[in-house]
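Subject: Structure for you to look at

Hello,

Here is the structure I promised you. Please open it and keep it beside this email as you read.

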Amino acid sequence: MTMTNPLVYLVEDSEMLSMLYQDYLRAESYEIKAFRFGKEGLDALKEQPPQVLLLDLELPDMDGMELLRYVCEQGLPTSVVVITAHGSVDIAVEAMRHSAFDFLTKPFDGKRLCTTVRNAAKHQQLSSLVDTYRANYDLSGFGGFIGSSLSMQAVYRILESAAPSKATVFITGESGTGKEVCAETLHKISPRKDQPLVVLNCAAIPRDLIESEIFGHVKGAFTGALTDREGAAARANGGTLFLDEICEMELDLQAKLLRFIQTGTFQRVGGSKLESVDVRFVCATNRDPIAEVQAGRFREDLYYRLHVIPIALPPLRERGDDVLAIARRFLRQFAVEENKHFTDFSPESAQMLLNYEWPGNVRQLQNVVRNIVVLHDGERVVPSMFPPPLNTVPVTAPVPHTVLVAPVATTSSDAIRPMWLVEKETIENAIAACDGNIPQAAALLELSPSTIYRKRLAWQSA
């Protein structure tokens, strides 16, 4: 099986139709193997999975759905196109539930078949590339991070590459996305891991004390300076200095920080002695640093001095199933701490976690899970245990937004049609424009194929 000659299995009990379908596909350069019985197709799947399986559901020796279930349960690298003489949307929904790629209703023409098989083969080729990437590069976590989303994989790669260097790292991201975890991970995998990591939150220190916190002071430098004191710069010598929320720093102190970064030397507040240290700088902000520069609140020269290796942490709402992985880790941790019995989330509560936008990101998720564990107990977390505002989140999977072409406005209310009818016409027109190819129509409408099948089922039963 190659990328240029995909292997296609055709399981069709009608010898005449099997020959017709093979004739349709002959010009597409596929390697086609035809089977009349489900058992033959099943044995072939076990020996060598194809890229595409054309599967008739009405077989003489078994239900074709059994082959589809086998492909799904075994996780075979095969795109299944279901064929049936019974155009029931119920069957389509059942097929999609078992990960069928598309659904063909007899009779269909050669153009429709070729388009569907071509799309199925391309889909499987892309899936194989993704699987290869995950097998070689995918991580379910890294350092203090949890999650295997593609956006986090990119973060892990940058951290791996940047760790051996002394280059300054500039972390950006919304509050609660894990900027401090990122800095800690970078330090732990760097050659400086045995030296100090000094964390300084520029937003949590009074403005008149932050210079002393960074550079230290000598006795008598200001009221209350009763002894000499080392600052973060001296304590981080040989290690890493993490300046969190750096955009909160005053402009005059930014100039001193710039000189420190450029020369590696500083003076304590009230002192005259020049001290030299070896420090790796990591900084972070939840603001847009470019906007802060343009507004005159952050020095441009300091920004470019710090912005050597940028790391943008994605918000939790863009990390997909990472939400569940993180929530389950918190659930197990807090259940042990609180001596509770929780082991997992129910399917409904898991869907609610996925549906929520998480404006407070991982920190908010952590607090929500702790709230649940402290106030409740049981084997599984159920929706009724969620605190506000999670308890108002819908349980069902959200339907992606569809851009509909609105009818021309008129002054007559008689011209206004129900939204479901407008949506139905838009979807059916898209399917017709794609020659009946539902996955292609779904992609153009920015919907999932399963959503279209569900909607068609609802319209049929209405």
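Predicted model: local features only at pLDDT ≥ 70, side-chain atom pairs only at ≥ 80, totals over all residues.

W358 sits in the loop between α14 and α15. The phi of W358 is positive, near 55 degrees, and W358 is not a glycine. Most residues other than glycine have a negative phi. Is W358 buried or exposed? W358 is buried, because its relative accessible area is 0%.

Now go to N361, in helix α15. N361 is not a glycine either, yet its phi is positive, about 60 degrees. With a relative accessible area of 0%, N361 counts as buried. One more case comes just after α13, where N339 has a positive phi of about 60 degrees.

**Two cis peptide bonds**

Most peptide bonds are trans. Look at K106 and P107: a cis peptide bond joins them, with omega about -5 degrees. P107 belongs to the loop between β5 (102-105) and α5 (110-137). P388 and P389 are also joined by a cis peptide bond, and omega there is about -5 degrees. You will find P389 in the loop between β18 and α16 (419-433).

**The largest pocket**

Rolling a probe the size of a water molecule over the atoms shows where empty space is left. The largest pocket holds about 540 Å³ of space. It is lined by 21 residues, and G176, T177, G178, V181 and V362 are the closest to its centre. By type, the lining has six nonpolar, eight polar and seven charged residues.

Which elements each supply at least two residues of this lining? They are β7 (145-146), α7 (179-188), α13 (322-338) and α15 (361-375). The most comes from α13, which gives four residues.

**Helix α13**

Check the length of α13 for yourself. Its 17 residues, at 1.5 Å a residue, should span 24 Å. The C-alpha atoms at its ends are 24 Å apart, so the two values agree.

Which residues of α13 are buried? They are D322, V323, L324, I326, A327, F330, L331, F334 and A335. Residues three or four places apart in an α-helix point the same way, because there are 3.6 residues a turn. Keep that in mind as you turn the helix in your viewer.

**S349 in helix α14**

S349 lies in helix α14. It counts as buried because its relative accessibility is 0%. A polar atom of the S349 side chain lies 2.7 Å from the backbone oxygen of V381. What does S349 touch beyond four places in sequence? The residues are V381, V382, P383 and F386.

**C72 in helix α3**

Last, find C72 in helix α3 (residues 64-74). C72 has 32% relative accessibility, so it counts as partly exposed. C72 and A100 are 28 residues apart in sequence, but their C-alpha atoms are 8.5 Å apart in space. Leaving out neighbours within four places in sequence, C72 contacts H98 and S99.

Best wishes

Note on methods:
Residues numbered from 1 in each chain as written. Heavy atoms only, no water. 1 Å grid on protein atoms, 1.4 Å probe; cavity = no way out; pocket = protein on both sides within 12 Å on 5 of 7 lines; lining within 4 Å. Points joined across faces, edges and corners; volume = space filled by probe spheres on them. Nonpolar A, V, L, I, M, F, W, Y, C, P; charged D, E, K, R; others polar. Expected span 1.5 Å × (residues − 1). Buried < 20%, exposed > 50% of the residue type's maximum accessible area, 1.4 Å probe, protein only. Polar contact = N/O pair within 3.5 Å; in protein donor to acceptor, adjacent residues only side chain to side chain. Contact = heavy atoms within 4.5 Å.
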